[in-house]
Number of protein chains: 2
Amino acid sequence: MASSLLSRQIALSLQQNLRLCAPGYRYVSKTAAKTLEEFEYDGPSMKTEVPGPRSKELMKQLGEIQNVGAVHFFCNYEESRGNYLVDVDGNRMLDVYTQISSIPIGYNHPALMKVMANPNNLSAFVNRPALGILPPENFPDKLVESLLSIAPSGMRRVQTMACGSCSNENAYKAMFILYRNKERGHNTPSQEEINSCMVNQVPGCPDLSILSFMGGFHGRTLGCLATTHSKAIHKLDVPSFDWPIAPFPKLRYPLEEFVRENAQEEARCLEEVEDLIVKWRQKGKPVAGIVIEPIQAEGGDNHASVNFFRSLRNIARKHGCAFHVDEVQTGGGGTGKFWAHEHWGMDDPADVVSFSKKLLTGGYFHKDELTADKPYRIFNTWMGDPSKNLFLAEVLNVIKRENLLEEVMRSGKALLHGLYELQAQYPHILSAARGQGTFCAVDVCNDATRNALIAKARDKGVILGGCGERSIRFRPALVFKEYHVHLFLNIFNDILAEYK
Amino acid sequence: MASSLLSRQIALSLQQNLRLCAPGYRYVSKTAAKTLEEFEYDGPSMKTEVPGPRSKELMKQLGEIQNVGAVHFFCNYEESRGNYLVDVDGNRMLDVYTQISSIPIGYNHPALMKVMANPNNLSAFVNRPALGILPPENFPDKLVESLLSIAPSGMRRVQTMACGSCSNENAYKAMFILYRNKERGHNTPSQEEINSCMVNQVPGCPDLSILSFMGGFHGRTLGCLATTHSKAIHKLDVPSFDWPIAPFPKLRYPLEEFVRENAQEEARCLEEVEDLIVKWRQKGKPVAGIVIEPIQAEGGDNHASVNFFRSLRNIARKHGCAFHVDEVQTGGGGTGKFWAHEHWGMDDPADVVSFSKKLLTGGYFHKDELTADKPYRIFNTWMGDPSKNLFLAEVLNVIKRENLLEEVMRSGKALLHGLYELQAQYPHILSAARGQGTFCAVDVCNDATRNALIAKARDKGVILGGCGERSIRFRPALVFKEYHVHLFLNIFNDILAEYK
């Protein structure tokens with residue numbers, strides 16, 4: 001089906017979009033002439049403002065059923081290809097946000113279509129098993145082939161889950177269980193613990209805590225939400241736990257100009273972490289685990305140095321807190337390494353690494369000692385979804401076969417370089433361009449301008465996402481090549497020029 | 001693929017299993033000769049003990065990666081059909097547990113295979129959208145066609161989620177938000193609320209509570225877990241909230257012999273509910289919502305009368321608590337009505353009804369006033385999975401086309417009648433047979449005997465599940481016909497006879 005539409009669409013898009021390649025693009029000559037990927041379009045094509053009339057109609061319809069305040073527009077996923085998302089009004093946009101960073105290798109990738117066409121795979125879709133009790137025959141092999149092939153250093157165990165929040169919730173539980181078993185010195189609970197836990201009371205439900213960071217985002221279920229501190233609207237009106245919250249370094253840019261200040265800022269935050277651990281222990285709510293993103297994504301693409309993370313990992317070890325690196329958004333290759341924590345260059349980077357989004361299945365890797373000591377402690381009906389594992393295995397094949405991490409490094413370099421140039425050209429609008437791989441961001445002078453830039457980009461055929469108070473985050477798929485970068489930079493440049 | 005294997009397998013199974021239809025089955029003459037469904041096997045076929053050698057080998061392999069203490073055996077889902085689950089050692093078992101009650105119309109149902117074969121559906125599998133921001137064109141229509149066609153009385157709004165826990169977590173959040181907005185008299189938070197919620201403190205993160213019941217099960221993420229009270233192992237070592245927990249009626253069986261006692265017991269529990277609501281309000285932790293299962297499933301298939309639920313619903317209304325009926329396990333037709341709460345015969349049975357399992361997607365229906373008042377309050381990356389909605393739509397078609405709810409009533413009657421007979425015959429082993437539709441259970445004299453019965457049944461080709469302290473729960477698919485009931489009863493009878 002996909003291929004039958006393809007030739008017609010490529011022909012059409014070539015005609016319709018030649019104009020888009022024309023007016024004053026600085027980067028065009030360098031790379032836009034690169035070979036067209038066979039399954040992709042050659043550029044954006046805009047027919048209406050976005051959301052267009054059909055999207056608005058559907059929004060009204062969906063509004064009868066749900067709050068649609070967050071809906072951007074409605075999509076035609078059948079017609080979407082590679083880096084291009086097509087909407088229901090026929091607009092085709094270069095997608096630099098990829099469904100909140102969750103599409104690994106673009107839309108309708110032929111390799112993923114093949115997974116669907118393989119009759120051996122059908123029953124994995126049709127019969128969703130209760131993985132924790134009745135796994136399919138190929139489950140161990142598939143885990144070895146897919147998830148374990150990308151296991152973080154020092155980890156050989158993984159637990160799949162349905163989504164990012166469930167992954168973090170269960171990782172927290174594993175850390176609590178480990179902490180209590182260490183505290184006890186054995187794993188046999190007392191009768192008092194057994195009885196009290198049934199009614200939510202200590203000692204069975206102990207007053208343990210997870211230390212998190214201001215600006216962090218780890219999900220929206222009640223446990224996760226107690227460690228999420230990026231935006232008030234996520235947390236307002238929801239009961240929470242009295243858990244310690246450390247400051248995350250606020251680095252000043254450009255980094256090379258603020259070396260001393262930033263080092264001091266990171267030292268301050270690390271000191272505060274240790275203080276909080278001590279304070280919460282004294283309060284009777286010891287810190288069982290520390291959770292942190294390698295780059296605070298939702299919270300504004302906040303980075304910290306390798307040294308910061310290395311020191312933090314040591315603090316966790318020193319105080320007997322499990323160290324949980326949440327790679328739900330950073331994992332999967334966007335930073336140019338499969339896991340963002342690989343940039344730290346450590347043999348023992350973490351005790352837990354959670355994932356979801358680009359990995360298509362949720363879950364978490366963990367050290368051996370974080371394996372549940374008894375059955376049914378880390379458990380739910382589905383425990384993930386083997387059909388997602390099938391797609392993931394294929395995604396990993398494509399990443400290897402097409403050297404996509406190298407591509408990401410190359411594209412990322414071009415993107416960051418472009419952002420540096422743009423912020424030099426428009427210093428009153430842009431600042432603090434930063435990133436690893438294509439996992440980049442730039443600050444905008446204020447919230448309103450940021451939102452206006454995103455809206456204008458969309459009307460010109462580029463989908464961007466915001467994060468933090470006034471940042472734009474770039475989250476393209478791993479198939480976002482250098483010529484896509486230049487296409488984006490050209491369009492973005494035109495928009496910024498209007499602010500001159 | 002499915003059909004090519006079919007004829008060979010049916011021929012084989014006919015030969016191999018004739019012996020299973022032979023020795024001393026009381027019910028055989030009545031219905032076992034019924035027409036074979038074209039896609040199903042005609043009976044169990046056991047080749048090894050379970051788990052067999054291949055399952056044990058795989059268990060060892062998976063044990064290197066995960067705790068496998070809960071794994072029963074490994075499955076060959078490709079070869080499984082209808083009510084029969086085939087394992088990796090070639091054993092074929094009548095499945096009366098269906099992946100913890102989550103397979104609605106049996107394995108590899110032809111109608112679901114067709115969903116996969118339809119090229120128009122491929123992109124829904126390959127491109128998982130962020131439903132909350134970029135839904136596919138057919139999303140509103142699919143919701144109307146599938147979920148809204150089965151909306152509980154008084155509800156026309158639904159929010160999909162990835163699993164049962166996420167459904168309940170988000171339903172709780174919606175109830176907290178509503179409660180606070182009512183308390184405020186408006187939905188504009190103060191600056192103090194905005195600031196304090198960012199650090200998990202009151203008033204932004206208010207001390208609100210959800211009232212739940214002893215024996216209830218609502219999931220295992222931290223919010224859900226605070227309302228789950230079925231088994232200690234689920235809760236031990238995990239921090240919780242100080243929320244009120246009411247007793248759930250402990251009915252005595254047979255019901256007709258204990259009318260007065262049971263009415264008193266229910267009155268006692270209802271009184272306690274009101275006391276707790278008042279007490280927690282005085283404590284400064286008002287009850288924003290009450291959550292309850294129509295039948296406490298995981299907790300032991302505990303039933304209560306229609307009158308109990310009607311009274312409870314009124315108590316919730318009287319005290320301004322949202323009333324959340326958790327139908328994750330009871331929903332989807334197993335009780336003979338699509339929702340178990342339909343048995344209460346109320347126009348306004350609930351404010352929230354959550355679902356998952358047999359509905360293949362998680363989610364919750366809710367009253368209009370529980371719609372999030374602002375975007376991004378009830379939100380996550382995926383917000384469900386449209387590919388599951390496709391399957392659900394087809395499941396609903398099959399239920400209607402094949403009158404499966406009527407079948408469930410018929411099979412359920414036969415099952416419960418059979419259980420009554422068996423408990424009359426083996427009063428020292430079985431008691432308190434109970435159920436609605438095929439959602440039945442029976443108590444066993446003790447835990448050890450219950451587990452032995454389940455193990456023996458498995459070796460004879462019947463998969464059963466336990467629940468509570470010493471109950472067996474029956475959770476067949478909706479395609480479990482009267483002749484499957486009799487097949488089961490015959491096998492179960494043989495096992496019980498060994499205890500005579």
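**Strand β4, chain A**

I looked up the side-chain directions in β4(A): S209(A), L211(A) and F213(A) point one way, I210(A) and S212(A) the other way, and all are buried. I note that this is a predicted model. Five of the five residues of β4(A), residues 209-213, are buried, so the strand is largely enclosed by the rest of the structure.

Next I checked its partners. β4(A) pairs with β6(A), residues 287-292, in the parallel sense over three bridges. There, V287(A) is the bridge partner of S209(A). β4(A) also pairs with β5(A), residues 245-246, again parallel, over two bridges. In β5(A), A246(A) stands opposite F213(A).

**I315, chain A**

I located I315(A) in helix α13(A), residues 306-319. Its relative accessibility is 8%, under the 20% cut-off, so I315(A) counts as buried. I then listed its contacts, leaving aside neighbours within four places in sequence: L270(A), V273(A), E274(A) and I277(A). I277(A) is 38 residues from I315(A) in sequence, and their C-alpha atoms are 9.5 Å apart.

**Helix α16, chain B**

I tested the length of α16(B), residues 447-459. At 1.5 Å a residue, its 13 residues should span 18 Å; the end C-alpha atoms are 19 Å apart, which agrees. I found T449(B), R450(B), L453(B), I454(B), A457(B) and R458(B) buried in this helix. An α-helix has 3.6 residues a turn, so residues three or four places apart point the same way.

I looked at both ends. At the start of α16(B), a side-chain oxygen of N446(B) comes within 3.2 Å of the backbone nitrogen of A448(B). Just after the helix, G461(B) has a positive phi of about 95°.

**Salt bridges**

I searched the whole structure and got 68 salt bridges over all chains. I followed up three pairs.

R54(A) and E137(B) meet at 2.9 Å, N to O. This pair crosses between chains, from helix α3(A) to the loop between α6 and α7 of chain B. Both are partly exposed: R54(A) at 26%, E137(B) at 30%.

K182(A) and E369(A) meet at 3.8 Å, N to O. They are 187 residues apart, with K182(A) in helix α8(A) and E369(A) in the loop between β9 and α14 of chain A. K182(A) is exposed at 51%, whereas E369(A) is partly exposed at 42%.

D242(B) and K285(B) have their closest N and O atoms 3.1 Å apart. They sit 43 residues apart, both in loops of chain B. D242(B) is partly exposed at 23%, and K285(B) at 21%.

Last, I traced a network of salt bridges that share partners: R180(A), E183(A), R184(A), E193(A), D373(A), K374(A), R377(A) and D237(B).

Methods. Residues numbered from 1 in each chain as written. Chains lettered and ligands numbered in written order. Predicted model: local features only at pLDDT ≥ 70, side-chain atom pairs only at ≥ 80, totals over all residues. Heavy atoms only, no water. Buried < 20%, exposed > 50% of the residue type's maximum accessible area, 1.4 Å probe, protein only. Helix = DSSP H or I, 4+ residues; strand = E, 2+ residues; numbered from the N terminus. Pairing = 2+ DSSP bridges. Expected span 1.5 Å × (residues − 1). Polar contact = N/O pair within 3.5 Å; in protein donor to acceptor, adjacent residues only side chain to side chain. Contact = heavy atoms within 4.5 Å. Salt bridge = Lys/Arg side-chain N within 4 Å of Asp/Glu carboxyl O.
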